[in-house]
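Please read the following report alongside the sequence and the model.

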Amino acid sequence: MKVTEHIANAKGETLFSFEIVPPVKGKNIQDLYDNIDPLMEFKPPFIDVTTSREEYVYIEKNGLLEKKVTRMRPGTVGICASLQYKYNVDTVPHVLCGGFTKEETEYMLVDCQYLGIDNVMALRGDAMKGEQYFSPCEGGHSYAKGLVEQIAALNQGKYLIDELKMEHTPNFCIGVAGYPEKHLEAPSLQNDLKRLKEKVDAGADYVVTQMFFDNKKYFEFVDAARAMGITIPIIPGIKPLAVQKHLRLLPQVFWVNLPEDLIDAVEACPDNKAVRQVGIEWAIQQCKELKDAGVPVLHYYSMGKSSNIKAIAAALF
Ligand SMILES: Cc1cc2nc3c(=O)[nH]c(=O)nc-3n(C[C@H](O)[C@H](O)[C@H](O)COP(=O)(O)OP(=O)(O)OC[C@H]3O[C@@H](n4cnc5c(N)ncnc54)[C@H](O)[C@@H]3O)c2cc1C
């Protein structure tokens, strides 16, 4: 079922969902299941599975370093299929511009269709590790909008180049990213919102936001998006702060601001166990307010460790 259908069926009740990251190559998938199992009692109607773009590694050969390309967390579509089968839950594979040609994307979408995956999240992806700016691969999309257009065209029965009549067209529900504190590269929040509107006009069905720690940012973002004519659901993405170093890392990587009260509380912690507890309590307060405001879904970034998400969900669902 589509994410938008789950939202419609909930009739105003806030749903619980979360995002997981595929295991690093070589790790057992059982670790992933062990982290998902405790969250299933909160009945997520869908689970997102991220995709990682390629990275360069240098391999020594005959005393020389050879540059090679690898993907450290493969398996997004396979994991989606295994979760659907194991938990009877809908899954949302993330589809990236970065590191994929349009043809490879079409191949992945056909796989998704055969597997009965009804939702995809269309994203540009970040710059490659060690590079300052994003650059598309040859034959790939430059912005998420192009990806949305490709998926929407497939929904209309149009392949990239093959003039074939589809006996059964896919009907993907398309999610896109939104940034309450603007995307790090955007010249302004208003300009970023215009770009979001372009993704919506291209066929996006719902938005999931970047993490934020001050609900005011989300509420203002939703108001600004509505004023711009964006009417689709805007799902808040929530990340519980978990370790001291998040104070520096999250603003640097995700361009988010942390409220003073949260910073003070984390700085007063003697160790990361205490930080994790602060993160849980902060997220519970945030989520209570968001739930009271009637957000369609509370969507959690789990980063592979679920005990904090479980504690938050237990207080809310
Ligand atoms: C919910 C969520 C899930 C995510 N999952 C993943 C994941 O699984 N894997 C991963 O690698 N990353 C993921 N990301 C990170 C995401 O890939 C990065 O934030 C990326 O830098 C931007 O992706 P986007 O889809 O928002 O890009 P876009 O919508 O393409 O926007 C990127 C930037 O370009 C600007 N822009 C857009 N169109 C134009 C144009 N025509 N001309 C000039 N500027 C333009 C925008 O304002 C923005 O600054 C996720 C982010 C979120 C919020």
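For the classes used here, Ala, Val, Leu, Ile, Met, Phe, Trp, Tyr, Cys and Pro count as nonpolar, Asp, Glu, Lys and Arg as charged, and the others, Gly among them, as polar. By that scheme, the shell around the ligand has 10 nonpolar, 6 polar and 7 charged residues. This is a predicted model, in which local features need pLDDT of at least 70 and side-chain atom pairs count only at pLDDT 80 or more, while totals for chains, interfaces and linings use all residues. Residues are numbered from 1 along each chain as its sequence is written, and side-chain values use heavy atoms, with hydrogens and water left out.

**The ligand shell**

The ligand is surrounded by 23 residues, of which Thr51, Asp126, Tyr179, Asp192 and Lys199 are the closest; a residue is near a molecule if one of its heavy atoms lies within 4 Å of it. At least two shell residues each come from β5 (90-96), β6 (119-123), α6 (189-202) and β8 (206-211), and α6 gives the largest share, 3 residues. Helices (H or I, at least four residues) and strands (E, at least two) are DSSP runs, numbered from the N terminus.

Polar contacts are pairs of N or O atoms within 3.5 Å; within protein, one must be able to donate a hydrogen and the other to accept it, and residues adjacent in sequence count only if both atoms are side-chain atoms.

| Residue (backbone atom) | Distance to a ligand oxygen atom |
|---|---|
| Arg124 | 2.9 Å |
| Gly125 | 2.9 Å |
| Ala144 | 2.8 Å |

Of the 980 Å² of accessible area that the ligand has on its own, the protein covers 85% (Shrake-Rupley method, 1.4 Å probe; for residues, only the protein chains shown count as cover).

**Helix α11**

Within α11 (residues 307-316), the residues Asn308, Ile309, Ile312, Ala313 and Leu316 are buried, that is, under 20% relative accessible area, where over 50% is exposed and the range in between partly exposed. Because they cover an arc of only 130 degrees around the axis, they lie on the same side of α11; the arc is that of the directions from the helix axis to the C-beta atoms. These buried residues pack against β1 (15-20), α10 (272-292) and β10 (297-301).

**Arg71**

Arg71 sits in the loop between β4 (64-70) and α3 (76-87), and counts as partly exposed because its relative accessibility is 26%. Neighbours within four places in sequence aside, Arg71 is in contact (heavy atoms within 4.5 Å) with Lys25, Ser52, Arg53, Glu54, Gly99 and Phe100. Arg53 is 18 residues from Arg71 in sequence, yet their C-alpha atoms are 6.6 Å apart in space, and the Arg71 side chain reaches the backbone oxygen of Gly99 at 2.9 Å.

Methods
Buried means under 20% relative accessible area, exposed over 50%, partly exposed in between (1.4 Å probe, protein chains only).
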